[in-house]
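Hello,

I am handing over the structure below. My notes on what was found in it follow.

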Amino acid sequence: MVKINLKSLSKDGIFDFIESLGLPRYRGEQLIHWIYKKNAASIDEISEFSKSLRNTLNKHAFISNLELVKNLKSRDGTEKFLFSLNDGQTIETVLIPDKGRLTLCISSQVGCALGCRFCLTGKLGFIRNLKSFEIVDQITTVQRIIMPKKITNIVLMGMGEPLLNFDRVVEALWRIVLLVGISKRKITLSTAGITPRIELFSKKAPEVNLAVSLNATTDESRDKIMPVNKRYPIKSLLNACRNFPLSPRRRITFEYVLIKGLNDSREDALRIVRLLKGIRCKVNLIPLNQSGSDSLKRPSERTILEFQKILMQNNMTALIRESKGSDILAACGQLRGGS
């Protein structure tokens, strides 16, 4: 008999499974609580169940877990977790402490097909999509490791392009909100700009925060660092952002990796102001994290500050985001699913 992975089941699927064993529905609620709130690693950990009930469940099902291969800790407190999946593939997940928050940066794919020049993940190429439970498992596994500390925020900014794993990511987000219990206001999905999926995402997923990797102000310069722009150029991307529904006090975040001599000029800053006019947004300026394997360079501190000043002088919210964990290759663009 093939055992069922309980984490592969939706909420309704768990109730159906429980009822198929002739058990009362409330056992399903208990099972969900232990898997997603108490982060049980096995059925035998569910002390609320009798030994007889645990034995019955063990005959038919199991609770899957990611295997921790390596855990690295940065000087700034950032932690990177290398996890092995059931098929031997590996992914990386990053825990970032910041002013009372514990943000977990999770992956949605093994590798990535987009090939952005500033991102090490893209050098792997695309290997496969993560399943919904593998996306959520990053949260439950890290939470189990760091107890009694608690993850407060989730960002889908790890390995992969979330909107190219659309159905599984949407299902994972619903589980994170409804089963894990993390507020949708504390979840952010980052995309390189898969324009048709942005509109669909607003209709299918919980109302989480949207971040868009812009990174350039002309198609010519964006083509050089983000091949996806050749299919979904800046104009179509920003039209999708303008049409993205935002409830009061919510904004789209535009991520802008600053690269010396490519997108860091005064003209680039002024073009950002014009391009984003009419979009309720903020801009996160991210000085390039150099990987040592490309000709791309980080701008000077003076250039970074001047770029921010121009945006702010034009009434834009512009924050400089220094990525944490660069000494362990855990910063923005440095995840590669390896040691």
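Two strands count as paired here if DSSP finds at least two bridges between them. Please keep in mind that this is a predicted model.

Strand 5 (residues 90-98) and strand 6 (residues 101-105) form a hairpin, with two residues between the strands. In the turn, Lys99 has a positive phi of about 50°. The pairing of strand 5 with strand 6 is antiparallel and runs over five bridges. One of the pairs is Val94 with Cys105, the latter in strand 6.

Strand 6 is also joined to strand 9 (residues 153-156), by three bridges and in the parallel sense. Here Cys105 stands opposite Val155 of strand 9. Cys105 therefore has a partner in each pairing: Val94 and Val155. Strand 6 is mostly covered, with four of its five residues buried.

Helix 2 (residues 26-36) is mostly covered as well: eight of its eleven residues are buried. Among them are Arg27, Gln30, Trp34 and Tyr36, along with Leu31, Ile32 and Ile35. The cover over these buried residues includes helix 1 (11-20), helix 3 (51-60), helix 5 (132-146) and helix 6 (166-180).

Glu79 lies in strand 4 (residues 79-84). Glu79 is buried but has no salt bridge. The nearest side chain of opposite charge is that of Lys73, 4.4 Å away, and a salt bridge needs the charged atoms within 4 Å. The side chain of Glu79 does make a polar contact of 3.3 Å with the side chain of Asn71.

Regards

Key
Residues numbered from 1 in each chain as written. Predicted model: local features only at pLDDT ≥ 70, side-chain atom pairs only at ≥ 80, totals over all residues. Heavy atoms only, no water. Buried < 20%, exposed > 50% of the residue type's maximum accessible area, 1.4 Å probe, protein only. Contact = heavy atoms within 4.5 Å. Lys, Arg positive; Asp, Glu negative; His and termini not counted. Polar contact = N/O pair within 3.5 Å; in protein donor to acceptor, adjacent residues only side chain to side chain.
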